[in-house]
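Thanks for coming, everyone. Let me put the model up, and then we will walk through it.

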Amino acid sequence: MNNNTIASIIFYEIRNEYGLSISHIRNKTRISYVREARQVFTQLMREHSSMTTTEIGRLVNRDHSTVVATTKAVGRELDTNKVYRNRYSKMKFNIESKINNV
């Protein structure tokens with residue numbers, strides 16, 4: 001499956017879970033729920049695509065170092081926040097199901 005299709009699937013899941021459009025995620029805002037959605041998107045892209053951190057960063061209007069830092073932030077949240085972990089796991093399951101069924 002190509003990276004654009006994977007990105008579309010992940011954006012779809014983010015939109016359903018957080019109620020945000022692609023333009024919200026690409027926005028420079030640092031509002032916590034938008035930042036969280038953006039971080040989850042970048043982490044899921046790192047896990048499911050073959051895109052570089054620079055390419056993923058372009059999708060969310062950030063640079064590669066932000067994408068790398070996001071991995072650490074998401075990891076910390078997954079380790080310490082059960083609600084976050086459950087939400088992330090649900091999205092990841094939905095994404096993997098769609099990827100495997102295409």
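Is asparagine 61 buried, exposed or partly exposed? Asparagine 61 is partly exposed, at a relative accessible area of 34%. For the cut-offs, buried is under 20% relative accessible area, exposed is over 50%, and partly exposed is in between, with a 1.4 Å probe and protein chains only. Asparagine 61 sits in the loop between α4 (53-59) and α5. Its phi is positive, about 65°, although asparagine 61 is not a glycine.

Some ground rules. This is a predicted model, where local features need pLDDT of at least 70, side-chain atom pairs count only at pLDDT 80 or more, and totals for chains, interfaces and linings use all residues. Residues are numbered from 1 along each chain as its sequence is written, and side-chain values use heavy atoms, with hydrogens and water left out. Helices are DSSP runs of H or I with at least four residues, strands are E runs of at least two, and both are numbered from the N terminus.

Now the core. The largest nonpolar core has 26 residues. By nonpolar core I mean buried Ala, Val, Leu, Ile, Met, Phe, Trp, Tyr and Cys residues joined through side-chain atoms within 4.5 Å. Those with the most contacts inside this core are Ile10, Ile14, Tyr18, Val40, Phe41 and Met45. The most come from α1, with 7 residues.

Take isoleucine 14. Which residues does isoleucine 14 contact, leaving aside neighbours within four places in sequence? They are Gly19, Ile25, Ala37, Val40, Phe41 and Met91. Contact here means heavy atoms within 4.5 Å.

On to charges. The whole structure has 5 salt bridges. The criterion is a side-chain nitrogen of Lys or Arg within 4 Å of a carboxyl oxygen of Asp or Glu. Glutamate 17 pairs with arginine 87 at 2.8 Å, N to O. Glutamate 17 lies in helix α1 and arginine 87 in helix α6, so this pair ties together parts 70 residues apart in sequence. Both ends are partly exposed: glutamate 17 at 21% relative accessibility, arginine 87 at 26%.

Arginine 87 has another partner. Glutamate 36 forms a salt bridge with arginine 87, with the closest N and O atoms 3.5 Å apart. Glutamate 36 is in helix α3, so this pair ties α3 to α6 across 51 residues of sequence. Glu17, Glu36, Arg87 and Lys90 are linked in a network of salt bridges.

Next, lysine 92 and glutamate 47. Their closest N and O atoms are 2.9 Å apart, in a salt bridge. Lysine 92 is in helix α6 and glutamate 47 in helix α3, 45 residues apart. Lysine 92 is partly exposed at 27%, and glutamate 47 is partly exposed at 34%.

Last, α5 and α6. Their axes come within 6 Å and cross at roughly 110°. That makes α5 roughly perpendicular to α6, a label for angles of 65 to 115 degrees. Axes are lines fitted to C-alpha atoms, for helices over the stretch in contact, with angles from 0 to 180 degrees between N-to-C directions. What meets there? Val74, Glu77, Leu78, Asp79 and Thr80 in α5 meet Lys82, Tyr84, Arg85 and Tyr88 in α6.

Notes
Parallel < 35°, antiparallel > 145°, perpendicular 65-115°, else oblique.
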